[in-house]
Amino acid sequence: MPSGHRVFAQYAHAPNALGYCGPPGSERLQAVACGAAPDTDVVALAKQFSGAWPYQEVIARLAGIPDPLDERVVRAYWTSDELSDRVDRAEFGAALLARLASQAGHYWKHLTEDLLGEAAPTHNFHVFGVYPWSRLLDTGMPQPLQVLDSCRIRWGEVVGIDHDRAVVRSRRLSWDGTRLSLGPEQDDPADYRVPEGAFVADLTVGDRVAVHWDFVCDRLDPDRVDRLRGQTEWQLAQTNQRLLRRATPTPTSRKRTDTNVSPLP
């Protein structure tokens, strides 16, 4: 099995198993992520991920790589790597938004050239820029922050482990009412096994890992941790700039008065 196929399955499994994206039948991805089921048509499965697949196709095309499931492309999208640095962000953003906007519904009217400053060939851009959740943080509801924090790929250190679950020390996402940031380290449980086995062989205390929707999906070396941390911090900075602009009244903003606010029923 090509290495990129397994890496894709490792990162795509958790939201797919929860029913958030991709085709039904998550047990096929589980098996691939564990290194089994070599006859699985991973390309056909990957094409049904309406989020990840367009990114990987555009990254591959701009990088001159014929296979969107090449491991370099897969890692560039999910956690950022050297390939992410080589892809021109402006060209990538324009190509991606043109493709996504044509398929978007009414919740996605924000997919305009105003997003190009935030564009990056990574999953973080999809989470914080393309998904609408960052625009719902000021509702006061907990779901937007929970979804953003669960959907992003976070890095952490395994500090405890038993047969079915690990305890991972990591920095969770925080929202203070005006900006997003990474909070202090805390310990949280994370699943790491499926019926077919574990995505990370011989997981042990001290391992640095990637966590997606509270599932340990990959082991990270120090360079990959640094790249994921750096790209996450950059993406948060761009998102916070947009949130600040949105919260700052402009000279032409209408003043809230009794005459232009609809009364409660």
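Biologist: Why does Asp138 count as exposed?

Modeller: Asp138 has 54% relative accessibility, and exposed means over 50% relative accessible area, buried under 20%, and partly exposed in between (1.4 Å probe, protein chains only). Asp138 therefore counts as exposed. The model is predicted: local features need pLDDT of at least 70 and side-chain atom pairs pLDDT 80 or more, whereas totals for chains, interfaces and linings use all residues. Residues are numbered from 1 along each chain as its sequence is written, and side-chain values use heavy atoms, without hydrogens and water.

Biologist: What makes the pair Asp138 and Arg246 a salt bridge?

Modeller: Their side chains meet at 3.9 Å, N to O. A salt bridge requires a side-chain nitrogen of Lys or Arg within 4 Å of a carboxyl oxygen of Asp or Glu, so the pair qualifies. Asp138 lies in the loop between helix 8 and helix 9, and Arg246 in helix 10, so the bridge ties together parts 108 residues apart in sequence. Helices here are DSSP runs (H or I, at least four residues), numbered from the N terminus.

Biologist: Why does Arg246 count as partly exposed?

Modeller: Arg246 has 48% relative accessibility, which falls in the partly exposed range.

Biologist: How many salt bridges does the structure hold?

Modeller: The structure holds 18.

Definitions and conventions: Helices (H or I, at least four residues) and strands (E, at least two) are DSSP runs, numbered from the N terminus.
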